[in-house]
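Dear colleague,

Please find below the structure that I promised to pass on to you.

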Amino acid sequence: MSIENAELTDNDRNSFIYVVAALAALNGLLFGFDTGVISGAMLYIRNTFELTAVFGYSMNASLVEGIIVSGAMIGAIIGAALGGRLADRLGRRRLILVGAVVFFVGSLIMAIAPTVEILILGRIVDGIGVGFASVVGPLYISEISPPKIRGSLVSLNQLTITSGILIAYLVNFAFAAGGEWRWMLGLGMVPAAVLFVGMLFMPESPRWLYEHGRESDAREVLARTRVETRVEDELREIKETVRTESGTLRDLFEPWVRPMLIVGVGLAAFQQVTGINTVMYYAPTILESTGFADTASILATVGIGVVNVVMTVVAVLLIDRTGRRPLLLSGLAGMTVMLAVLGVAFYLPGLSGAIGWIATGSLMLYVAFFAIGLGPVFWLLISEIYPMEIRGTAMGVVTVVNWAGNLLVSLTFLRLIDVVGQTGTFWLYGALSVLALLFCYRLVPETKGRSLEAIEADLRETAFGRDAGEQPRATEVDD
């Protein structure tokens, strides 16, 4: 996409990059809205449909609920599996446009679904759009952002995820009195339309442009988003990385890339199996089990959504100052403690009168620690640590793992409660949080303030010799 040449001040460049990042971050809003809206809608879907059979097969009601919720995860796995390669072939911007259309269609199908089977189909289509968004949103922002503020700008994607969840909770509350779940699900068409229209006017990633032989267009995009003295330097860095990369899926398993593949896959799995989406999908159900009424449980969930947004804002403000590792480690430690407390609340019968409030408080703090650490840091790191030519593919692979973990947790949560109880379920997630903390302490590197090309060069040179937990040696850049 050609951009008009003009004399630009630093303020112009800053304004432009913030607008581009904010629009691209609407991918996260779609992700978050889909995640949050189903939690309230499920309380009323069960009143519309008989949840005892799907596609002619008799099933336990909790399993049918799990399938409805998990339909979006199945679609997201498909979208993420295709999204990485499509992002490398079609371009980051074009895939965002495709994802917005797919999400719009999925929301429409859910809103008019006459049967459980059509509702599940709509969830799957919706999920494909979310899968595209979860791959290409952070990827696009990371490649178009200056290194000094890349962490904050990519973390806008996580902020919009949490904002989308909060908006979904507010929509759920607004339609709770009438149980109008079709409106809850159908309103997802609105952010999809806004994202599509906005991205029509945005540029392509300069790294993707150069890789596809459009050097002049890449230079123009850089001129809009970098100080003048950095444009040619960064273009040279991009040229150098393109010359040294072969760009096949096999490269993900090269010895110098493998450590970061392990980091990405590990973070993807731990972000899910530590239980965050049990809260996002089932918070009203969890709180309803403590004695709260339907409307009260949805209102309490709105409070959880507010905490999620506020703490994500804190993470955005801190992530380029304190670094990725400190937020990640402190967040995981806090999640572990809160899951332990939540399990105790359900374990002690003497707390029966206060269990709803203890559960609400524990869930809020658990979400707060996730929002400041594992939530934003995962999406930021996987957009930074892979070579440019296979970055889209690598993010696709890692995101598939993330959505597979999401599917596993959403499908098994209600059954886990049936089998081992609420206490055992939350303590299991707590034990997995301890493993995640150890994994991150040992293997996750620091990438604060460094260009994507410098991160790649450092990985090539030191993948075998440096303790993975140490901060990379290269100095920070000025832009």
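α2 (26-48), α6 (147-176), α12 (258-273) and α13 (276-288) each give at least two residues to the lining of the largest cavity, where helices are DSSP runs (H or I, at least four residues) numbered from the N terminus. A cavity here is a set of points, on a 1 Å grid over the protein atoms alone, where a 1.4 Å probe fits but cannot get out, and lining residues have an atom within 4 Å of a point. The model is a predicted one, in which local features need pLDDT of at least 70 and side-chain atom pairs count only at pLDDT 80 or more, while totals for chains, interfaces and linings use all residues. Residues are numbered from 1 along each chain as its sequence is written, and side-chain values use heavy atoms, with hydrogens and water left out.

There are two cavities of 30 Å³ or more, and the largest has a volume of about 140 Å³, a volume being the space filled by probe spheres set on the points, which are joined across faces, edges and corners. Of the 14 residues that line this largest cavity, F31, Q158, I161, N277 and F370 are the closest to its centre. α6 supplies the largest share of the lining, four residues, and domain 1 (8-202) and domain 2 (250-465) each contribute at least three, with domain bounds taken from an automatic or database assignment. By class, the lining has seven nonpolar, seven polar and no charged residues (Ala, Val, Leu, Ile, Met, Phe, Trp, Tyr, Cys and Pro count as nonpolar, Asp, Glu, Lys and Arg as charged, and the others, Gly among them, as polar).

As for helix packing, α2 and α6 meet at an angle of about 30°, with their axes 6 Å apart (axes are lines fitted to C-alpha atoms over the stretch in contact, and angles run from 0 to 180 degrees between N-to-C directions). α2 and α6 are therefore roughly parallel, a term for angles under 35 degrees, whereas those over 145 count as roughly antiparallel. α12 and α18 (residues 391-443) pack at about 150°, with axes 5 Å apart, which makes α12 roughly antiparallel to α18.

Best wishes

Methods: On a 1 Å grid over the protein atoms alone, a cavity is a set of points where a 1.4 Å probe fits but cannot get out, and a pocket is an open set with protein on both sides within 12 Å along at least five of seven lines; lining residues have an atom within 4 Å of a point. Angles under 35 degrees count as roughly parallel, over 145 as roughly antiparallel, 65 to 115 as roughly perpendicular and the rest as oblique.
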